[in-house]
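Here are my notes on this model, point by point. Please read them with the coordinates open.

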Amino acid sequence: MKRSLGVCYYPEHWPEDQWPDDAARMVSAGISRVRIGEFAWGLIEPKPGVMDWGWLDRAIDVLADAGLEVILGTPTATPPRWMLDRHPDMLAVDATGHPRRFGSRRHYCFSHAGYRAEAARITEAMARRYGRDGRIIAWQTDNEYGCHDTVLSYSPAALSAFRNWLAQQYQSPEALNRAWGNVFWSMAYDSFDQIGLPNLTVTEPNPAHAFDFRRFSSEQVVAFNRMQVGILRRHTAAPLTHNYMGREVAFDHFAVGADLDIASWDSYPIGFLSDRIEASDNHKRHYLRQGDPDMQALHHDLYRAVGRGRWWVMEQQPGPVNWAPWNPAPLPGMVRLWTWEAFAHGAETVTYFRWRQAPFAQEQMHAGLLFPDSSDAPGLAEAAQVATELKAMPDVAPTRAPVALVFDYASAWAWQVQPQGADFDYFRMVLCWYRAARELGLSLDILPPDTNDLSDYAVVLMPGLAQLSAPMLAALESYEGRALVGPRSNAKGAGMATPVPLPPNLPGMDLRVSAVESLPPGVAEPLSGGGTIVHWREHLDGAADILETDAAGAPLIARMGALTYLGGWPDDTALRRLIAAACTEQGIAADPLPDGLRLRDTGSHRFAFNYGKTPVTWEGQVLPAAGVAWRAL
Amino acid sequence: MKRSLGVCYYPEHWPEDQWPDDAARMVSAGISRVRIGEFAWGLIEPKPGVMDWGWLDRAIDVLADAGLEVILGTPTATPPRWMLDRHPDMLAVDATGHPRRFGSRRHYCFSHAGYRAEAARITEAMARRYGRDGRIIAWQTDNEYGCHDTVLSYSPAALSAFRNWLAQQYQSPEALNRAWGNVFWSMAYDSFDQIGLPNLTVTEPNPAHAFDFRRFSSEQVVAFNRMQVGILRRHTAAPLTHNYMGREVAFDHFAVGADLDIASWDSYPIGFLSDRIEASDNHKRHYLRQGDPDMQALHHDLYRAVGRGRWWVMEQQPGPVNWAPWNPAPLPGMVRLWTWEAFAHGAETVTYFRWRQAPFAQEQMHAGLLFPDSSDAPGLAEAAQVATELKAMPDVAPTRAPVALVFDYASAWAWQVQPQGADFDYFRMVLCWYRAARELGLSLDILPPDTNDLSDYAVVLMPGLAQLSAPMLAALESYEGRALVGPRSNAKGAGMATPVPLPPNLPGMDLRVSAVESLPPGVAEPLSGGGTIVHWREHLDGAADILETDAAGAPLIARMGALTYLGGWPDDTALRRLIAAACTEQGIAADPLPDGLRLRDTGSHRFAFNYGKTPVTWEGQVLPAAGVAWRAL
Amino acid sequence: MKRSLGVCYYPEHWPEDQWPDDAARMVSAGISRVRIGEFAWGLIEPKPGVMDWGWLDRAIDVLADAGLEVILGTPTATPPRWMLDRHPDMLAVDATGHPRRFGSRRHYCFSHAGYRAEAARITEAMARRYGRDGRIIAWQTDNEYGCHDTVLSYSPAALSAFRNWLAQQYQSPEALNRAWGNVFWSMAYDSFDQIGLPNLTVTEPNPAHAFDFRRFSSEQVVAFNRMQVGILRRHTAAPLTHNYMGREVAFDHFAVGADLDIASWDSYPIGFLSDRIEASDNHKRHYLRQGDPDMQALHHDLYRAVGRGRWWVMEQQPGPVNWAPWNPAPLPGMVRLWTWEAFAHGAETVTYFRWRQAPFAQEQMHAGLLFPDSSDAPGLAEAAQVATELKAMPDVAPTRAPVALVFDYASAWAWQVQPQGADFDYFRMVLCWYRAARELGLSLDILPPDTNDLSDYAVVLMPGLAQLSAPMLAALESYEGRALVGPRSNAKGAGMATPVPLPPNLPGMDLRVSAVESLPPGVAEPLSGGGTIVHWREHLDGAADILETDAAGAPLIARMGALTYLGGWPDDTALRRLIAAACTEQGIAADPLPDGLRLRDTGSHRFAFNYGKTPVTWEGQVLPAAGVAWRAL
Ligand SMILES: [Zn+2]
Ligand SMILES: [Zn+2]
Ligand SMILES: [Zn+2]
């Protein structure tokens, strides 16, 4: 696999006579790819039905003539203002019933048929014009589905579509009532047309109702994307991708990804640390200008799975951003580190967002590789350094990690619908497990929840899977490595109901979770092997071997054959200990790394990354803050 | 009085062939009563006007045949979905103007005449069918009035009813304008039809306006309940009750209770600690699995007063619940402790919620006496132990406590409408006083605000009564014990106005509160006798004897005859000291108990309860954590 | 200049036979002015078109006959209820789309033409009746524009007016699109009628859109006030004023003030400390009963500038208020201290709010100079003491301070629209700078942002001016003192765009801010000269001399000629050091004062104020807590 650098560029933001110089400077920095077009609907179709392709034709000419490969986006995340005159009801509606109006982006409801037809029309028009243009080496559909909380819409269009979806799922109101348990609180429906969206109820709605709305909403995103994919495929042979946003779990990225060729995601390490990671103030201060040391890696591995091996970083933070609560600048070297980390996890391309900082509109405080006055911003030199370093490196072949972690979007919805503890969150738990494994120097692969074979992995991590799929249950049945499973595993059946026999009901394991407890911050229960249980604990019984208990001897961790069940949320100390023990048993090296150091193996090299603020020694080599090192394996 | 145990049961949730076994297991656990029916409207009347009594007849048969006494609830808290087709405007509206929709429970506005007629119709139908059935030993109206903040509704129906209510109260707009002081800010009305509900005003509405809306809203609940009571009385001689929810003060429980025969309440000690008690993190961690040691006792005493001596716990937490921010499990023994504590306070019946944990819908994470797979949950054995212990105990006669505390719902509304300090809350203050008394080993009675005779009590506690009733003023005039009164006592006249002469204007006491201060957290002013003043302090003058002052000598506590006035909110140390001194003066023993220990006397026994996590010694006896002990008096 | 005391009085709240005694007691306390009428529309015009002047005539008679000078307010902040029958759509609408309803005050949208006409009508009526009455010595327009967040309205009237305003500003949609950068995210408009208000957008709206809405909204206030001024001027020669509210920055007070003769403001030191100052809990506890030692002074200097030398305190807190989160009472002496501080800053009149505490309606917990029972409240004696002291003092002439600070409302809007860090606030920053200067014993003048001559000031402080005006740039060009400029200075051009060349682009200074960083709480970067940078830091380059750096040597403070640029937000230590150094260089004494002590020079005297809780020594004199001292200069 060849690795390359790219950049996001908005020719429509700049005078046309600046384009050639911009393109030349990209190339001279070692950038070979450029993403364009994804917000340009208003330029392409300034009036309804009146197309202006000229500027885009010329932009592609200039960029391609400079030697750049073009990635072209469909512009459906930003319908122009005139669209609202045609479809006044196309806007999404928030959970309190307020429309989400024009004036920024993503102002559409996925369920609105009229807008979907318009999106098909512009996709078709772009595909016809550029689909067979060899200079376009990939297409991006829309932009960051779900960003700004845009998956769930409580609009009339969504209501109507949800009723239809339910009718197809359940076929009769009686079947729905049974599945949801609507005998409870006299909630039964006589007709699908009586069912509302699960917002504004007096107290919480039926979790089955809320969960089905989450499933429905995710499928609306999948269908919207599939519509674009279907059109594009008829006109182009170029690979298709979508740029997912970090920690966006409101729709099933595996399902969207199944229709695409390449997964890509938008990596903003410092923005994410400030905006969307549960961590202590100390942690946030320590990694202020580096970003969390595991957040990006987790996403890299996730999108490698979503892309079935092929994945990019479509937007890479190059300096301070504008959208987090606080927006410090990266430590010198971090842009290079982040880029190399992506490549170490198997990225084909890392594309910086954006070329030149815009002096106007919403993102004017978002850094680019150039300052607004066109002078070099610090990211540019770091990108250029990576480009140079890349040339000296061999191509890489895909490889497999020794340890796998199973990730499931539906579990994120299940635990949002029914957290049972105010700070229980699926992604948060997964990141804790992933972090513990990384602190042991492990490389991981991420697996989707319908994986039917685990035999390639010596150790498998499975925290919090609400419902185990049939293939996964089968895979566990024959699994001979070591799987760390739980808590809350297999705790939900259809309709978000508690299954009887009680969870986890794992193949061959006589173990029952009879009761669960959520624990407030500050409560930590010692685990007999070391570390503590926080946030969540379960009451276990059954014939499985008890490995660890609480201080009173109540079982917390049990084992039967290949399966170890964790009846609680272990803290970092305990997780590291448990994962290390599993690895040791399976002959995988797993030794705690110095603070801030992380490793990742490709097929050919071991990479080391220092996320810390001070130098750290790795294999006799001193890595400065933000330092990257590698050696051949 | 005989004491008994009961359980809440939903036959409609389970296959009919499971009912006999369920009933038999209840009986064998020592449970003699079962509450049913209160959410079953959709089962009883699946289509408008089409009644299905068969299943309920059979359920009563099965339960009664097993020897269980049935408590039957009217199902008006959960009108079926078809009700909304008949009355689309029956929903309550929240303070921001959004309807509170179908999909959970309590989705009705108390002021909606159409729904009220429907509620009368179903009550009449149930009363006709079962009113003379001797197996039904009590009726419950509706379920947890006010739960989920459902007393206040800003609907068109509420607006119309409020205007009518005001017209009857004031007879003329001029009278209302005078009473409210609408000369202020040119707020006068020319007609009752110009008056709106006190929501969405630019800044705070007139407190008189807001307070009248609170009074009106409370009376709507009273009227709704009275409607059901009137119907039931025509058909049954069985006692009537309602199950009040803990710390629900939005309507006057004394007024609802006056129409009923028995008061009952729903006791969730661990849920309440997490969800609705102001306490330090330390306190919440210490009592994580026990619940606050005074919260239940306060409610027990309150509902003994509301029920004029007759009261039950209608729902007793049996394990972890689902609705609090965090939901840990009870310490082993706590279910027994809570049950015995209720009996020690005079409960006739303690009914566990619920029999078997439901595997579906909103409360599937709420424990029962059985796990969802029908195996025994820990609460069952504790209930059975209490049943056995009860048999060995004599019946008890009502008794009177030596100390009384006056509780007044209207004061809760007054101080919510006009807190003057952001964290000032009436219930919070009452719980502080009650706690201090309990820490001294005292048993208390609670008195309603219109009590006209205090002579049975050596010590009376009267914190924060916004307006002293005429009977209470008369009672104080002749009182010869010791009353601790204040702060904010008698500070409001009609229309929430400040009376002149200024408060507290107590009989025979020359004392004036000229100014008041609210104090932020962290500010504590030393009281000359020990302890501090927090949250609230007053400036006192007058000829009353000054008992205590602040560090600068400004008066804070004054006395004249039987009355001691507290010009501030004493902390726990000071409250204990002041109450102990009053008791000592009156010859009542009042000695601080060890942490977590609480006592309660019945007519025949003294009970001791260890709410702590570690053993504690009481009268030479070691009580383990969650321990209960008693001795004859 | 003569100095006088006044009081706010509501004759309509009291029986007419009480007026003469009230007036006599005012006079005997040394009060010579009385403000009336500003909420009395409902009394003056009880029915539409039916005027009742009698009571007001008689009130003026009584007050004037007692020797009091009358300040008369237009009552447009409290339109009566009947107004809404005439103009149902006159209400403002909040950012979530909810109307802000009748039942308190300020229930009107500034953009509603119908209400504006009504306000003109009542103003005209009052002006005709009393404009030539010599007993009215000043007029107040409306009351506290902007209070309760009433400048921004999202009503249909505001939408329509905003579109018209934009059409006049930009003349064509194309020009607006260019100015706003609407090429971004395809946000271009084809017509002004397509533009919405910047609320309820999916993510943040274009900052240019939001900022123009702020400018528009401010101008609506200016126009509303100008309408009243125009009418009043035709009928009266008395000076006109408006009473601004503390820390109200949603409209341009300089622009409103330009139409008036006198500025006045409403000073609530203890309410402000609790309600609207960012400070540590320690600071808030330390100044609990004194108020922040710099908040009032800053406003005094600001309104001296807004009034072009003539200014009053129209409402002075006399005791505890009712509207802050917590409402403690002033330390004895503080009412006197606050009053003298206003005079030391050049106030002509200090008017207490209010005469007698009202026993009814919203402000019944707000102290007056009398308690509700008409007895003296503590503030009365302190006011009387000031009156006595005033007599012994000479008249004062205006004077000029040696140090100036530039204050700009548009910068407050710019940084609210685009804070870039969650806790970045313009007013907060200005108060930090002002505080540091005051801690050095300095007296300051405040200058508007269009100042064209700085030569009268040896030192000028200019924090955070989003855009430097042409006159200010010219003034800086020729300035020979020492100007401390930055951070974020001149960082915005038209349309909130980042200017190129990049900021600060100061005259004669080769310095560029290439990147900025916002820093979360707890992050502080050492400054080489001492102290730290918090909240905000910038990356500087250019040929200007570097005065100070961070620990790594990166420039943070630069100088060229008279200009020192601060590339960050210095903490109090650093600010004091930097301001002291500038003063020392310019020959101005600037020595740190003891904690809580503050100084202020008039033309004739130096005043000292002890805001602390303990005595402090100043020039050999011991000032007790709340002490005031002065000596001739
Ligand atoms: Zn096609
Ligand atoms: Zn709303
Ligand atoms: Zn005129």
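This is a predicted model: local features need pLDDT of at least 70, side-chain atom pairs count only at pLDDT 80 or more; totals for chains, interfaces and linings use all residues.

1. Chain B superposes on chain A by a rotation of 120 degrees, with 0.0 Å of shift along the axis and an RMSD of 0.0 Å. The two copies are thus related as by a three-fold rotation axis.

2. Residues are numbered from 1 along each chain as its sequence is written, chains are lettered from A and ligands numbered from 1 in the order written, and side-chain values use heavy atoms, without hydrogens and water.

3. Which surfaces do the copies use to meet? Only 2% of the interface residues of chain B are also interface residues in chain A, so the copies meet through different surfaces. Contact here means heavy atoms within 4.5 Å.

4. The zinc ion (ligand 2) is coordinated by the NE2 atoms of His98(A), His98(B) and His98(C), at 1.9 to 2.0 Å. Donors are N, O and S atoms within 2.8 Å of the metal (3.2 Å for Na, K and Ca); water is not among the atoms, so sites may look incomplete. The pair His98(B) and His98(C) crosses between chains, each residue sitting in the loop between α4 (82–86) and α5 of its chain. His98(B) is buried at 12% relative accessible area, and His98(C) is buried at 11%. Buried means under 20%, exposed over 50%, partly exposed in between (1.4 Å probe, protein chains only).

5. Helices are DSSP runs (H or I, at least four residues), numbered from the N terminus. Glu124(C) and His235(C) are buried.

6. Now the domains of chain A. Domain 1 (4–152 + 222–391) and domain 4 (597–632) are among those assigned, with bounds from an automatic or database assignment. Their C-alpha centres lie 29 Å apart. The contact takes 24 residues from domain 1 and 15 residues from domain 4.

7. Two salt bridges are found across that interface. A salt bridge is a side-chain nitrogen of Lys or Arg within 4 Å of a carboxyl oxygen of Asp or Glu.

Notes:
Copies are superposed by least squares on the C-alpha atoms of residues with pLDDT of at least 70 in both. Helices (H or I, at least four residues) and strands (E, at least two) are DSSP runs, numbered from the N terminus.
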